[in-house]
Amino acid sequence: MKKNTISRRNFLKGLGVGGATLALPCTNGRAEAASNDELATLLDLSKCIACGECVYACRDVNARKFPEPGKPFPTMYPTSRVKVEDWSDRRDVDDRLTPYNWLYIESVEVEFGGVVHEINIPRRCLHCQNPPCANLCPWGAAEKQQNGIVRIQPDVCLGGAKCRNVCPWDIPQRQTGVGLYMRLLPNFAGNGVMYKCDRCYDRINEGKLPACIEACPENVQKIGPKMDILAEAHEIVREKGWYIYGEHENGGTNTIYLSPVPFELLNEASRKGPGLPGLQKVDYTMADEENLAAAVAIAPFAGLVGGLIKAGRFVGSKLGDGGEDV
């Protein structure tokens, strides 16, 4: 497999590490970034051949984080309040987002400039700069790290799906029968845990590339400091007359797509439905006054509750669904 040397160099630069070394300073056995720069990914859609190596690598590396629900599921009251969402018997689904599939490839065919283009689009969480999922989660289960990664913590999440409701792309997906609600009030509280791409945060902490980038044989994407990624994207747009997505959507994301055809055409040609995020224009969600007010009101409560849960004061020293400590 061809090594993604350019991506690795840019990635290490984003961590503040010299280009020749893979060693990172460690604290308590974990590699720490030497820079507070947010990391962003750049995806050149002209290179993707839809081989699926990124999808397989994501599954293999993150399999230990996937949910293992207990059955039968507890009956929810009132029964009409929250529907069961169970993907545990459909783990092989790879053409949409699920709790067991955090990355999929959307293949579309569009005509532009008198030429038919076949474009393959890796889809996953965009890791917004000001994520509504993290700002508006009432339990503090979603958080944005200093390096720009947006994570949902399975040991804290109650599966209420607020994150999916406020996400412009409806990205987080729920698995019933796992998580904190099973230990609190399984018949009344929540309905599982929400899952999405965490950009291999644990690998990044170790100075490694995200699995999807490392496995790609075509160097479709690279990762590095946000400003460097944007500078490179703008240079390519100037040189080739291409189109960019993710820089301004929802106030800006840390996932930047480049395409030789307009994203409006790609969005029109893409499938629509649950677990299938589009490529539509997206206004800045957190600029909405109601969302801003809600975030201000929720933040202290969510921080307190999330802290208590993580400290184990509610249900013991180990919570969650078989996942790792956070």
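A salt bridge is a side-chain nitrogen of Lys or Arg within 4 Å of a carboxyl oxygen of Asp or Glu. Arg64, Lys65, Asp198 and Asp202 are linked in a network of such bridges. The structure holds 16 salt bridges and 0 disulfides.

This is a predicted model, in which local features need pLDDT of at least 70, side-chain atom pairs count only at pLDDT 80 or more, and totals for chains, interfaces and linings use all residues. Residues are numbered from 1 along each chain as its sequence is written, and side-chain values use heavy atoms, with hydrogens and water left out.

- Side chains of opposite charge can pair when their charged atoms come close.
- Asp86 forms a salt bridge with Lys71, with the closest N and O atoms 3.0 Å apart. This pair links distant parts of the chain, 15 residues apart. Both Asp86 and Lys71 sit in the loop between helix H2 (53-62) and strand S4 (104-112).
- Helices (H or I, at least four residues) and strands (E, at least two) are DSSP runs, numbered from the N terminus.
- Lys71 counts as partly exposed, at 44% relative accessibility. The cut-offs are these: buried is under 20% relative accessible area, exposed is over 50%, and partly exposed is in between (1.4 Å probe, protein chains only).
- Glu232 pairs with Lys222 in a salt bridge, and their closest N and O atoms are 2.8 Å apart. Glu232 belongs to helix H7 (residues 226-240), while Lys222 belongs to strand S10 (residues 221-225). The two are 10 residues apart and link distant parts of the chain.
- Glu232 is partly exposed at 26% relative accessibility, whereas Lys222 is buried at 14%.
- Arg238 forms a salt bridge with Glu235, where the closest N and O atoms are 2.6 Å apart. Arg238 and Glu235 both lie in helix H7. They are 3 residues apart, about one turn of the helix.
- Arg238 is exposed, at 60% relative accessibility. Glu235 is partly exposed, at 34%.

- An open sheet of 4 strands has mixed pairing and the order S10-S3-S12-S11. Two strands pair if DSSP finds at least two bridges between them.
- S10 and strand S11 (243-245) are the edge strands, each pairing on one side only.
- From one strand to the next, the twist averages 25 degrees.
- S11 and strand S12 (residues 255-259) run antiparallel and are joined by 3 bridges. Ile244 has Leu258, in S12, as its bridge partner.
- Helix H7 lies across strand S3 (39-44), S10, S11 and S12. H7 runs at about 130 degrees to S10. Axes are lines fitted to C-alpha atoms, for helices over the stretch in contact (heavy atoms within 4.5 Å). Angles run from 0 to 180 degrees between N-to-C directions.

**Cysteines**

- A disulfide is a pair of cysteine sulfur atoms within 2.5 Å. By this rule the count is 0.
- The sulfur of Cys54 is too far for a bond, because the closest cysteine sulfur, in Cys48, is 6.2 Å away.
- Cys157 is in no disulfide either, and the nearest cysteine sulfur, that of Cys163, is 6.1 Å away.
- Cys54 is buried, with a relative accessible area of 11%. Cys157 is also buried, at 6%.
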